[in-house]
Amino acid sequence: MPNSREVADYLEKHPDFFTQRRDLLAAMDLPEASGATPFHERQVRALRDRQARLDRMLDTVRDNQHLEQELHQVAVELLNRDGLDGSGAPAALVEARFGLDAVAIFLSSQIARQPASAAQVDYPSLCRRVEHLGSSCDDRVSSKLSASLFPDAGAIASCAFVPLARGQALCGVMVLGAADSQRFQPGMGVLILDRLGQLISAYLAGRNLL
């Protein structure tokens, strides 16, 4: 076991040691003495940084728990809607449960029945956003795209694009719209969105709509 002189020599040669090991610095009990104040300041900063990280982790956990609960409620309500047909019912439900400003569902079968002149939505472009059967988010939604996706909604600043599929076959896209540009950010986690898409896909497939 090294003695105090050896420890002091090591710290002199490695002045960044406590920067790398803030956990040790936070656990140290330094006496009130001349020259100790900088260490106490570092200790306090280390504790604050650790607390801030814990707070962010707790916020994330709470947000995920809330989203999981809303996803569960969507499933429960869909199971109680056996008599309803059409894609409008699940779109309205998702919009209400997740506090969104607009939700629209575009299905390949419906697009195929529309005259070319009536197709305002660039459906192939939507499909490319989820071509790997994974959801994607965009906070750079143009007014033109927003108007084509949600003609009856106000300004939409960010969107999530969720695949609707039968097995590995893409059969549609559900678009979630929010006026808040921070709601759907590129690079954000999409696990809940993917699960939501699977749930809505199962609902629509059960009614021969997918």
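The legends below describe close-up views of one predicted model. Residues are numbered from 1 along each chain as its sequence is written, and side-chain values use heavy atoms, with hydrogens and water left out. Local features need pLDDT of at least 70 and side-chain atom pairs count only at pLDDT 80 or more, while totals for chains, interfaces and linings use all residues.

**View 1. The sheet is open and has four strands in the order 1-4-3-2, with antiparallel pairing.** Its edge strands, strand 1 and strand 2 (136-138), each pair on one side only. Neighbouring strands are turned by 20 degrees against each other on average, direction ignored. Axes are lines fitted to C-alpha atoms, for helices over the stretch in contact, and angles run from 0 to 180 degrees between N-to-C directions. Helices (H or I, at least four residues) and strands (E, at least two) are DSSP runs, numbered from the N terminus. Two strands pair if DSSP finds at least two bridges between them.

**View 2. Strand 4 (residues 169-178) is largely enclosed by the rest of the structure, because eight of its ten residues are buried.** Buried means under 20% relative accessible area, exposed over 50%, and partly exposed in between (1.4 Å probe, protein chains only). Strand 1 (residues 102-107) runs antiparallel to strand 4 and is joined to it by six bridges. Across this pairing, Ala104 stands opposite Val175, and Phe106 stands opposite Val173.

**View 3. Strand 3 (residues 158-166) and strand 4 run antiparallel and are joined by nine bridges.** Val162 stands opposite Met174 in strand 4. The hairpin of these strands has two residues between them, and Gly167 takes a positive phi near 60 degrees there.

**View 4. Helix 9 (residues 191-206) lies across strand 1, strand 2, strand 3 and strand 4.** The helix runs at about 45 degrees to strand 3. Contact here means heavy atoms within 4.5 Å.

**View 5. The charged end of Arg207 sits over the ring of Tyr203.** The distance to the ring centre is 3.9 Å. For a charge to sit over a ring, NZ of Lys or CZ of Arg must be within 6 Å of the ring centre and within 35 degrees of the ring normal.

**View 6. Cys127 and Cys137 are both buried.** The relative accessible area of Cys127 is 16%, and the relative accessibility of Cys137 is 13%. The count of disulfides (pairs of cysteine sulfur atoms within 2.5 Å) comes to zero. The closest cysteine sulfur to that of Cys127 is in Cys171, 9.7 Å away, so it is too far for a bond. For Cys137 the closest is in Cys159, at 9.5 Å, also too far for a bond.
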